[in-house]
Amino acid sequence: MSKLNAAAVAQIEEICDRYAEEKTPLMMILSDIQNEYGYIPLDVQELVSKKTGISVAEIYGVVTFYSAQNVIDKFSELLKIAPGETSEDGLFTLDALRCIGACGIAPAVSINGKVYPKVEVGQVPEIIESYRQAANA
């Protein structure tokens with residue numbers, strides 16, 4: 001937690017305290033932190049764990065699941081297909097899998113055996129375009 005300054009620690013602890021009386025506070029805490037900082041790095045997850053008693057593993061699972069959902073949503077939006085469907089040009093079929101055996105690099109995207117680690121929403125257009133260019137070459 002050495003990367004967090006005292007003001008950030010205090011603010012994150014205050015966010016955790018807001019939901020101390022809630023039965024299941026994790027989603028509300030993470031949402032507020034995400035809204036405040038734009039992301040939830042490991043040192044913040046560790047602080048939330050210490051403050052709430054929720055394991056870092058559980059927090060990490062929630063954080064990566066929702067990061068992955070944002071990536072899936074972007075692929076769906078740009079390809080104009082839902083999971084389980086194939087794009088009009090036949091190049092892409094979108095599947096959403098809970099695990100591809102790559103937890104350490106989540107959210108990960110696998111296309112024809114090539115794995116893209118720690119994919120962010122902003123990378124999705126470039127990934128799609130690279131395959132479209134290769135198909136037209």
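Before looking at single residues I noted the cut-offs: a residue is buried when its relative accessible area is under 20%, exposed when it is over 50%, and partly exposed in between. I also kept in mind that this is a predicted model.

**Entry 1: the chain as a whole**

I began with the secondary structure and found five helices and two strands in the chain. Reading from the N terminus, I wrote down the order of the elements as α-α-α-α-β-β-α. I then looked up the radius of gyration, which is 18 Å and well over the 14 Å that the globule rule gives for 137 residues, so the chain is more spread out than a compact globule. The C-alpha trace, followed along its principal axes, spans about 55 × 30 × 25 Å.

**Entry 2: burial, surface and contacts**

Next I asked what share of the residues is buried, and the figure is 31% of the 137 residues of the chain. The accessible surface comes to about 8,800 Å², and 51% of that surface belongs to carbon and sulfur atoms. For the contacts, I counted those with a separation of 6 or more and saw that 46% of them are between residues 24 or more positions apart.

The structure holds five salt bridges, and I followed some of them residue by residue.

Which residues does R18 pair with? One partner is E14, with the closest N and O atoms 2.8 Å apart. Both R18 and E14 lie in helix α1, which covers residues 6-18, and they are four residues apart, about one turn of the helix. With a relative accessibility of 45%, R18 falls between the two cut-offs and therefore counts as partly exposed; E14, at 36%, is likewise partly exposed.

R18 also forms a salt bridge with D32, and here too the closest N and O atoms are 2.8 Å apart. This pair links distant parts of the chain, since R18 is in helix α1 whereas D32 is in helix α2 (residues 26-37), 14 residues apart. Is D32 buried or exposed? I found a relative accessibility of 18%, so D32 counts as buried.

I then looked up E77, which forms a salt bridge with K74, the closest N and O atoms being 3.5 Å apart. E77 and K74 are separated by about one helical turn, because they are three residues apart in helix α4. K74 counts as partly exposed, as its relative accessibility is 22%. Going back over the pairs, I noted that salt bridges with shared partners join E14, R18 and D32 into one network.

**Entry 3: two lysines with positive phi**

Last, I checked the backbone angles, keeping in mind that most residues other than glycine have a negative phi. Phi of K80 is near 60°, which is a positive value in a residue other than glycine. I located K80 in the loop between α4 (56-79) and β1 (109-111), and its relative accessibility of 71% means that K80 counts as exposed.

Where does K118 lie? K118 is in the loop between β2 (114-116) and α5 (124-136). The phi of K118 is near 45°, again a positive value in a residue other than glycine. At 52% relative accessibility K118 is over the cut-off of 50%, so K118 counts as exposed.

Key. Residues numbered from 1 in each chain as written. Predicted model: local features only at pLDDT ≥ 70, side-chain atom pairs only at ≥ 80, totals over all residues. Heavy atoms only, no water. Rg over C-alpha atoms; globule rule 2.2 N^0.38 Å. Buried < 20%, exposed > 50% of the residue type's maximum accessible area, 1.4 Å probe, protein only. Contact = heavy atoms within 4.5 Å. Areas by Shrake-Rupley, 256 points an atom, 1.4 Å probe, with all protein chains shown as cover. Salt bridge = Lys/Arg side-chain N within 4 Å of Asp/Glu carboxyl O.
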